[in-house]
Amino acid sequence: MTPKRIQLIDAARGLCVILMVCHHFLYDLVEYLGAPSWFFYNPVFNFLHYVFAGLFILLSGISSRFSRSNIRRGIKVLAAAVAVTIATALVDSIVIFGILHFLGFCMVFYGLTSKFWDRFTGWGAPIAYVILTAATAVILKALNPVKIKWLWIIGLWDNSFFSADYFPLLPWIFVFLFGTWLGRLIKDGKFPEWFYNAEPPLLPKVGRQAFIVYLLHQPVMFGLIMLVKLVFNIK
């Protein structure tokens, strides 16, 4: 029997959230305070962004194994995602299908189809998920941009499409499903004892508030930056 909360999972989520806040802060400095573009747009940060976003999606898949209702949780996240789209449209940096939209969809999707995915208990499942993640990423990169509109939800976009934060279903849904497979092992107590008993400092508290932090950090940072621009008369 595993503990109700696994501190190490919360800590990993907390680390992802902190790095996300730092990443968005650099974006705000570049876009709204005129900082050098390399603060945000550089190969290192581009790579790390997807590494930690992928870890966050994996952790969400793991957590789906412990949720009382993935459908209810997903609807809550989707509602927040719609609010994010409306808010970002007002500042000309619209998010059409960002991380919240993606995760909300995956939670509802998994809640409706979990019995099907639960059939794949062997090691072939994670191997397939890794192969499918890599293969679809390569295929989408080769195909994009396309002339067909309105396929951005699955990862195909045309030159008119823009979203300040973008996580399409492909290839990321396979990372989420990998997390649900991994979560089954964790829930069944298959991991070493130290994994369940570890108590990292501070990070678990941040991880448990990840949803609230995600919703509030950009409005707070944007407000502070606008205040700085006003006080110091920065154009």
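I take buried to mean under 20% relative accessible area. The model I consulted is a predicted one.

**Entry 1: helix α4**

I began with helix α4, which covers residues 99-117. I asked which of the residues in α4 are buried. The list consists of Ile99, Leu100, His101, Phe102, Leu103, Gly104, Cys106, Met107, Val108, Tyr110 and Trp117. I then looked up what covers these buried residues, and found that the cover includes α2 (43-64), α3 (70-90), α5 (124-143), α6 (169-187) and α9 (210-232).

Next I checked the span of α4. A straight helix of 19 residues would span 27 Å at 1.5 Å a residue, yet the end C-alpha atoms of α4 are only 22 Å apart. Where does α4 bend? I located a bend of about 55 degrees at Gly111.

**Entry 2: aromatic rings**

I looked up the aromatic pairs and noted 21 of them in the structure. I examined one of these, Trp123 with Trp181, and asked why the pair counts as edge-to-face. The ring centres are 5.0 Å apart and the planes stand at 65 degrees, so the pair is edge-to-face; the cut-off for that class is over 60 degrees. Trp123 lies in the loop between α4 and α5, whereas Trp181 belongs to helix α6, so that the pair links distant parts of the chain, 58 residues apart.

Are the two partners buried or exposed? Trp123 has 63% relative accessibility and therefore counts as exposed. Trp181 has a relative accessible area of 6% and is therefore buried.

I also recorded one aromatic cluster, formed by Phe105, Phe109, Phe116, Trp117 and Phe120. Trp117 is also among the buried residues of α4.

**Entry 3: Asp28**

I turned to Asp28, which is found in helix α1 (residues 7-33). Asp28 is buried and has no salt bridge. Which side chain of opposite charge is nearest to Asp28? I identified Lys229, at 11 Å; a salt bridge requires a side-chain nitrogen of Lys or Arg within 4 Å of a carboxyl oxygen. Leaving aside residues up to four places away in sequence, I found that Asp28 touches Leu33, Gln218, Met221, Phe222 and Ile225.

**Entry 4: Leu227**

My last entry concerns Leu227, a residue of helix α9. Its relative accessibility is 48%, and Leu227 therefore counts as partly exposed. I also looked up how far Leu227 is from Phe97: the two C-alpha atoms are separated by 29 Å, and the residues are 130 apart along the chain.

Key
Residues numbered from 1 in each chain as written. Predicted model: local features only at pLDDT ≥ 70, side-chain atom pairs only at ≥ 80, totals over all residues. Heavy atoms only, no water. Helix = DSSP H or I, 4+ residues; strand = E, 2+ residues; numbered from the N terminus. Expected span 1.5 Å × (residues − 1). Bend = angle between axes of the 7 residues up to and from the residue. Buried < 20%, exposed > 50% of the residue type's maximum accessible area, 1.4 Å probe, protein only. Contact = heavy atoms within 4.5 Å. Phe/Tyr/Trp six-rings, centres within 6.5 Å; stacked < 30°, edge-to-face > 60°. Lys, Arg positive; Asp, Glu negative; His and termini not counted.
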